[in-house]
Amino acid sequence: MSTTKTYEPSISRTEGRPLAGGEREYMIDVRTQDMEVNMGPQHPATHGVMRVLVRADGELITGAQPHLGYLHRCAEKIGESVEWLQYLPYTDRYDYLAAMNNNLGYSMAVEKLMGIEIPRRAMMLRTLCAELNRIGSHLIAIGTYGLDIGAFTPFLYMFREREWMMALFEKICGARLTYSYIRIGGVFNDAPPGWLSEVEAFCDTFEVKWREYYDLLIQNHIFVKRTADIGVITREMALDFGLTGPMLRGSAIDWDLRRDTPYELYDEICKDKAFEIPLASGEKGTLGDCWDRAWVRAMEMMESIKIVRWCLDKIEPGPVIGDIPKTLRIPPGEAYVGIENPRGELGHYVVSDGGKIAVRCRVRGPSFVNLAVLEELMPGALLADTIAIIGSTDIVVGETDR
Amino acid sequence: MGLFEKQFEDNVLTTNVDWLLNWCRLSSIWPMTFGLACCAIEMMAVGCAHHDIDRFGAGAFRASPRQADLMIVAGTVNFKMAERIKRLYDQMPSPKYAIAMGACATGGGPYYKYGYTVVKGVDRVVPVDVYIAGCPPRPEALLEGLMKLQEKIQASSVIRKPIHTV
Amino acid sequence: MLTFDPAIGFSSAVLAVQSAESGLKDGFGTNAIQDFLVGVKPEYVPAWAVPLTAIGIAIGIVLAIVSVLAMFSTWLERKVSGHIQCRFGPMRVGWHGWLQPLADGVKLLLKEDMIPLGADRTLYVIAPALVLASLLGAMAAFPLTETFYFANFGLGIFMILALTSTTTIGVVMAGWSSNSKWSLYGAMREAAQVVAYEIPLGISLLVPIMVAGSFNLIEVSQGQGGGYGILNWNIWPWVNPFMLPAFVLFFVAILAETKRAPFDLPEAESELVAGFMTEYSGIRWSFFFMEEYAAMFLYCVVGSFFFFGGFESPVTSLAESVGGTNSLLHQLGAASTIVLKGFAGVFLMMWLRWTLPRVRIDQVMTMGYKYLTPLALVCVLGAGLWEAFIAPHLWWRS
Amino acid sequence: MNFQGIYDRIRSIQAPGVTGMDEPREPNPQDKKDKGRSGDPYVLVDPQRLPEFLECLRDDPSLKFELMADLTATDPSKEDGYLWINVQLLSLVRKHRLAVKCLLPKENAVMPSSVSVHRGAQWAERECSEMYGITFEGHPDPRNILLPEDWIGHPLRKDYEFPEEYHGISCK
Amino acid sequence: MTAVTHYFKNVVDSVKTTLIGLGITGKYLLQKPITVQYPDERLPIPNRYRGIHYLEQEKCIDCLACARACPIDCIEMDAVRHGKELEWISFTLDYQKCMFCELCVYPCPKDCIHMGTEFAFVSYDRSEFVHDLLSYRGMARDAKVRMVEAEKKKKAKEEAKKAKEGAQAAVVAEAADDEGEEASSEDA
């Protein structure tokens, strides 16, 4: 069928794979029967329960097909079955690494339908929590990426800081992973006394520790060699597949929803030039390779720290939630809100008919879209590279399957 | 071991041997690297520095079910995954244990009502030894569940005749 | 449940007997056990029974040493990894978890013995035994002191290298017979990797061999004596400046030989589930990791013999000066020195393992063939030139 | 560019398949039943010409909707005879968004696939087709993506009935 | 970059970054671990922690607001009303379903259901997870007293009312008589 576009295959099988510095490694052209290997659903490197059916010629991958749905939890059906507010805890659970961002996206979509303003302190707390959660999510992304590559220890170091972050969230909302903190119309609880200074202490320590991760993992020569020149996503490919987030910026496409379609307080933050958007430059290999994506994530953590500091600087006392009725009746209409999740554009498309229950509650999961590029990246890679490529897409299976 | 298994009457010697063997088993419960959903993150947290499940001798997460003793079902099980879970459980050599971590694995959890693909409790697929409530449970709760499992192992009989015959 | 593989006993016995016998025939040193047995031998025991008994005892001791080594190493590994990662490691099983390996061992013995349905049963059963047995054979060539050893060969290091290489056959057998794709990948990787790294391993060892002028471990150690037990170690640049790079190459090569991170590709957990031992469970599986830890120790001991003075240390030289040569004190000093040096090497390997990511298979090959082998050759060339033209003129080398 | 500008441009380049547009409006104070409409404005497109429309918008130099953010469907109610196909477009260069909506009759839910225009639509269409029973003609890989292959029914349709059991595992 | 410099750069880079890495991990090797040894030491649980629920049963009025707010219907309550007092039969929370979202806490008009800091709830049997939040069944003693009193009061009130009504009736009758008398007198 000619409906799919074909790209120039990045590596032809007889020519061998290009290596850094112009070296070229040649595979001996002995053809044997291809082997089909099932990677997953239970496999240490598939980030949960994804299954990749890999066709391999020895160690060389000739084709790969991701199979999803091992964690399909009917989130959209539930969105059409429970009340508006009752759906909020479920938004925590599809992207469980960035629950704050999910809460934010869903709340913003509903608020857009309601057409309400939310108090400024609530916005501050929302931004702060979302950025903190972005740090936590990237910590896991890079940590598990290191784990996939074989470096066990950085993962534990990163979890140590994440644990601290989770303790902070626990203090403000009472849960470690599934926060349900950002509610429709604001946030549901003001920060407890002393919490903001604890966040500041976290930022101070994190900046020191970040350097360690950077030296220990991102700049490690073996890590660089394992990830550079692997899984190269070109600009055209990125746009064609609709990639977003660090995947896009890893291919040096300057796009960040926080800056380009500002929501919440990001307008002001951008005006203050409080943060910048790291763009990959292909420093260690080809532009758009796995290392670039990992690097973008690592740099984004520091940018998030800057935003958190901006919020801590500007935050003022005030109310944290608007006047919201107990049973929400949302005016009819439909709205799509895309926010910058740690993994890319998290879109919520909600349709209301004026009742207590949504008509449609679509979640555009960034990892679902980002994962589609896998089929394109795999052929030509080695078996070990498949892990590096899957890891660099930073998927959360809860979100791909929803 | 097959020769000696569950053959002997209760006496001082067999009781002590049983105690020792059970102690060895409970001191080295190796879980399988097998995370499903949100609870898997808390399961990872248990392995990490703050909680450190390795203190109990249970920190050697094995990727292969053949070398694992414990399956921590950490997350929602749906129909597509249920068959795989059954297979993984069958691949583990006995004695093997399963912990249902969190509400989803225990009884469908938040997806009980509208989750059309969700298995309402992993015990419909594999036998479960210990259930842990929470969504997701704190890492400490998982440690608590592990200790509960250790109690259960300590009470089991290895070379003695089982007390309760079913 | 509890199984005892006749294969393990048999093959290890054969190999160890052969090694020990050849050692005796060699007539190079006297066997401490045999000396002892001759001393206590009652009149009515025929003379030919003495060496046989000595061999039996030697096999028992080697087995015990290997299992104790493996147990201690697993404990050490878990503690080292724990503390590197800001956690404790085993704490609740005995004091600081020192009973942990015992619990693990008994539990593995008690596990169900599984053979997958599609597996080649014979090969599947033999493979772990062969892996462990070849290592037991190699262990026979490891002298604990200058006079206490099981077999003393003129070509001791060759014996060790040759026997440890045979583990590859066991690993490939394990991978093939398991009837699992992951196992097959692991086995093929192991075969490629070990073959690639035998070369730089052997070549880099040529440097100290050239300096010492011997293949015998004890002689190499004796050659580094004097200088307060530390100044004459081969590793120092004033002995031979090419020794340090040769040691680095040697260390990288033994990392690859023992399948340790960053070269743990045959069992790469995040890629191949558990590599060649994916399908193994219980006690059979434990043979593989016993082999791994014992091999680590053995290679590190070899490294300390050839680069770090062997038995020589300030402690040994002090003990020698206090108690005299071949006194019990001196023997104790020498034994503890070599064991400590071995474990220092093991510790370094663990430290590296918990620091570095894993390399890819083509990079392993590239590294072996393109980097280690040429550099090792350069080292050998340089060391040879140094030995031929410069070393004779150095007053401290005379 | 705001929505009006985009719509004018679409009109002026005569993008294929456009049938209309809808914008949010205030409720009519006279008519109590009319609650108005809030949210996003959207362009109505004929589903049979959606790929051409998307291609036109992608290639137009002043619109440049080169990234398809989302493609999904909606079943407004049991009684309604139409499914909606909702497409969210994004232009990275011009920094604007556009919501596109198609009305697809439920009886004959067949429409051409957009994979030839945006490859990102591939998985989204697979999801749509299993969840709503829409057939995308010309889709290169029309299998179920989230649900098992032998799943019966289209779960996100409003008239979907939950299964009693699946492969011997009870659902209740 | 020529192949030669590339070759040596690779060697130098790998040795350098390995040493840096060893330095970082070695630093932590010598530091004290940060592990909290759980059963012996415990991390402080913040006040807002969303753990196992507890109920201030005396305040509860069986209004079902929490049950309605629950997205998964895991709260079930049953009580018999005796006037204002409640005779409790059950108030169960199903932890096989509960997702600790705290949505049940806010709608409560009497502020009587809370989430505690208790988190460890493990069991060999999942039916134990249908957790009864009641601290007592039936009626509280003071509630009984109050009920009896209320009944007494009610009776007394009724009696009083009856008496009053009787008296009123009498008064009305008297008044009517008076009126009649008056009227008759007027008439007369």
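Residues are numbered from 1 along each chain as its sequence is written, and chains are lettered from A and ligands numbered from 1 in the order in which they are written. Because the model is predicted, local features need pLDDT of at least 70 and side-chain atom pairs count only at pLDDT 80 or more, whereas totals for chains, interfaces and linings use all residues; side-chain values use heavy atoms, with hydrogens and water left out.

Chain D contains 3 helices and 10 strands, where helices (H or I, at least four residues) and strands (E, at least two) are DSSP runs numbered from the N terminus. Along the sequence these elements follow the pattern α-β-β-β-α-β-β-β-β-α-β-β-β, and the C-alpha atoms of chain D fill a box of roughly 55 × 45 × 25 Å along the principal axes. Of the 172 residues in chain D, 56% are buried, a term that denotes under 20% relative accessible area, with exposed meaning over 50% and partly exposed in between (1.4 Å probe, protein chains only). The accessible surface of chain D comes to about 7,500 Å², and 48% of this belongs to carbon and sulfur atoms; accessible areas come from the Shrake-Rupley method with a 1.4 Å probe, and for residues only the protein chains shown count as cover. Among contacts in chain D (heavy atoms within 4.5 Å) between residues at least 6 apart in sequence, 54% join residues at least 24 apart. The 22 positive and 29 negative charges of chain D have mean positions 5 Å apart, with Lys and Arg counted as positive, Asp and Glu as negative, and His and the chain ends not counted; each charge is placed at NZ of Lys, CZ of Arg, CG of Asp or CD of Glu.

Chain C comprises 15 helices and 0 strands. Buried residues account for 60% of its 398 residues, and chain C exposes about 14,600 Å², of which carbon and sulfur atoms supply 74%. For contacts in chain C between residues at least 6 apart in sequence, the share joining residues at least 24 apart is 79%.

Strand β8 of chain A (residues 333-341) is joined by 2 bridges to strand β2 of chain D (residues 38-39), and the two run parallel, with Gly333(A) standing opposite Ser38(D). Within chain A, 9 bridges join β8(A) to the antiparallel strand β9(A) (residues 344-352); Asn341(A) has Gly344(A) as its bridge partner, and a hairpin connects β8(A) to β9(A) through 2 residues. Strand β8(A) is mostly covered, as 9 of its 9 residues are buried.

An open sheet of 4 strands, with mixed pairing, has the order β1(B)-β2(B)-β3(B)-β5(E). Strands β1(B) (70-74) and β5(E) stand at its edges, each with a single partner strand, so one side of each is left without a neighbour in the sheet. Strand β1(B) pairs with β2(B) (residues 97-101) in the parallel sense over 5 bridges, and Ala98(B) is the bridge partner of Met71(B). Not counting residues up to four places away in sequence, Ser123(E) touches Asp129(B), Val130(B), Tyr131(B), Lys148(B), Glu128(E) and Phe129(E). A polar atom of the side chain of Ser123(E) lies 2.6 Å from the backbone oxygen of Asp125(E).

Several backbone features occur in loops. The peptide bond from Ser94(B) to Pro95(B) is cis, with omega near 0°, and Pro95(B) lies in the loop between α3 (79-91) and β2 of chain B. The bond from Cys135(B) to Pro136(B) is also cis, with omega near -10°, Pro136(B) being placed in the loop between β3 (130-132) and α5 (139-154) of chain B. Gln14(D), not a glycine, has a positive phi of about 55°; Gln14(D) is found between α1 (3-12) and β1 (18-22) of chain D and is exposed at 66% relative accessibility. Asp62(E) has a positive phi near 60° and is located in the loop between β1 (53-55) and α2 (65-69) of chain E, but Asp62(E) counts as buried at 13% relative accessibility.

Note on methods: Two strands pair if DSSP finds at least two bridges between them. A polar contact is a pair of N or O atoms within 3.5 Å; within protein, one must be able to donate a hydrogen and the other to accept it, and residues adjacent in sequence count only if both atoms are side-chain atoms.
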